[in-house]
Amino acid sequence: MSTTVLGIETSCDETGVAIVRDGELLADVTATSMDEYARYGGIIPEIASRAHLEQMVPTINAALAKAGVTLSDISAVAVTAGPGLIGSLTVGVSAAKALAYGLNVPLYAVNHIIGHIAVDQLHDGAFPDKFIGLIVSGGHSNILFVNNIATDVTELGGTLDDAAGEAFDKVGRLLGLPYPGGPHIDRLSQQGDKNAIRFPRGLEGGKNKERHKYDFSFSGLKTAVARYIEGVESRGEEVNVPDVAAGFTEAIVDTLTKKALNACAIHGCDTLVVGGGFSANSRLRALAKERGEAAGVDVRIPPLRYCTDNGAMVAMLGYNLIENGVSPSALDITVDPNMPLDQTHM
């Protein structure tokens with residue numbers, strides 16, 4: 001008997017709904033309210049929550065139509081329960097509870113950050129027995145040791161301040177770029193010289209190198225970029241934006257890839273899976289593959305369409321939970337905006 005999972009993702013500003021049957025994607029539909037935030041320079045939680053309310057039913061219907069299935073074909077409902085914005089999470093979980101109750105099918109409330117890793121199975125196939133996961137998203141930069149994507153995930157380290165995506169947005173503002181800054185910095189960095197300006201790498205020297213071998217710190221890097229820009233402008237010179245973008249990008253991706261591959265070596269893993277919105281960055285994808293090949297590590301990064309928040313990653317993690325015999329979540333669960341990264345589900 002086939003297993004058909006409907007996944008709902010509403011952790012931030014994307015309303016994502018996907019349908020996975022027996023590990024294969026039938027449909028993945030996303031509605032976003034990102035364009036509404038450009039004038040604010042960031043996400044407005046109340047606007048995001050209201051957008052989810054408006055988009056939920058149309059997005060579910062669109063996914064069902066695209067997959068060629070009806071609600072009666074759904075075997076289980078998976079939904080993001082955390083981490084994320086509490087209002088956005090509540091909309092998605094409320095919808096998922098209603099569907100699960102109405103259809104009399106099990107509910108799986110999952111950790112969407114781990115879903116960023118799980119979604120790679122849709123492109124690269126089954127995972128090895130153990131591997132290292134590198135999460136790089138707007139609010140997370142973390143290294144995970146994965147023995148089983150459904151039941152055994154250990155957080156080795158993470159950011160002590162700004163995540164990579166946050167640092168890109170902040171530096172984007174310093175450079176006068178539109179929100180979100182990541183795609184614009186990525187584009188400009190390809191026109192610049194990554195060796196023209198060497199910005200600092202956080203936690204790379206002295207006792208920090210060993211004490212924080214799996215941790216990241218990008219707040220000081222952001223400050224270094226700000227001071228560099230101030231220095232250039234104080235001399236009456238024009239800032240070379242592509243060079244700043246390239247040097248800043250290199251500092252981020254150098255640290256991310258170096259520490260992730262170091263984790264592979266220490267834990268005896270020959271596979272690194274990279275996931276999250278920032279995994280769309282062209283330099284990160286190139287350097288991770290280059291360094292992975294040199295180290296004998298298979299670097300797996302999902303296609304761009306799976307990098308940002310989407311329903312497919314939620315449905316896929318839900319499918320993994322079912323395949324591993326994990327008990328469903330209770331219908332009275334609440335959301336957890338700070339859900340730990342070693343907790344795959346509720």
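Asparagine 104 sits in the loop between α2 and β5 (107-111); helices (H or I, at least four residues) and strands (E, at least two) are DSSP runs, numbered from the N terminus. Asparagine 104 takes a positive phi of about 60°, even though it is not a glycine. At 73% relative accessibility, asparagine 104 counts as exposed (exposed is over 50% relative accessible area, buried under 20%, partly exposed in between, with a 1.4 Å probe and protein chains only).

A word on the source: this is a predicted model, where local features need pLDDT of at least 70 and side-chain atom pairs count only at pLDDT 80 or more, while totals for chains, interfaces and linings use all residues. Residues are numbered from 1 along each chain as its sequence is written, and side-chain values use heavy atoms, with hydrogens and water left out.

## Another positive phi

Aspartate 22 is not a glycine either, yet has a positive phi of about 50°. Look for aspartate 22 in the loop between β2 (14-21) and β3 (24-32). With a relative accessible area of 39%, aspartate 22 is partly exposed.

## Cis prolines

The peptide bond running from glycine 82 to proline 83 is cis, with omega near -15°. Proline 83 belongs to the loop between β4 (76-82) and α2 (86-103).

The bond from tyrosine 179 to proline 180 is cis too, with omega near -5°. You'll find proline 180 in the loop between α5 and α6 (181-189).

## How α5 packs on α9

Helix α5 (residues 164-174) and helix α9 (residues 241-266) have axes that come within 11 Å and cross at roughly 175°. That makes the pair roughly antiparallel (over 145 degrees; under 35 is roughly parallel, 65 to 115 roughly perpendicular and the rest oblique). The axes are lines fitted to C-alpha atoms over the stretch in contact, and angles run from 0 to 180 degrees between N-to-C directions.

On the α5 side, Ala164, Ala167, Phe168 and Val171 meet Phe248, Thr249, Ile252 and Leu256 of α9, contact being heavy atoms within 4.5 Å. The residues of this contact split into seven nonpolar, one polar and no charged (Ala, Val, Leu, Ile, Met, Phe, Trp, Tyr, Cys and Pro count as nonpolar, Asp, Glu, Lys and Arg as charged, and the others, Gly among them, as polar).

## Helix α11

With 11 of its 13 residues buried, α11 is largely enclosed by the rest of the structure. The buried residues include Met313, Leu317 and Tyr319. Just after α11, glycine 325 takes a positive phi of about 70°.
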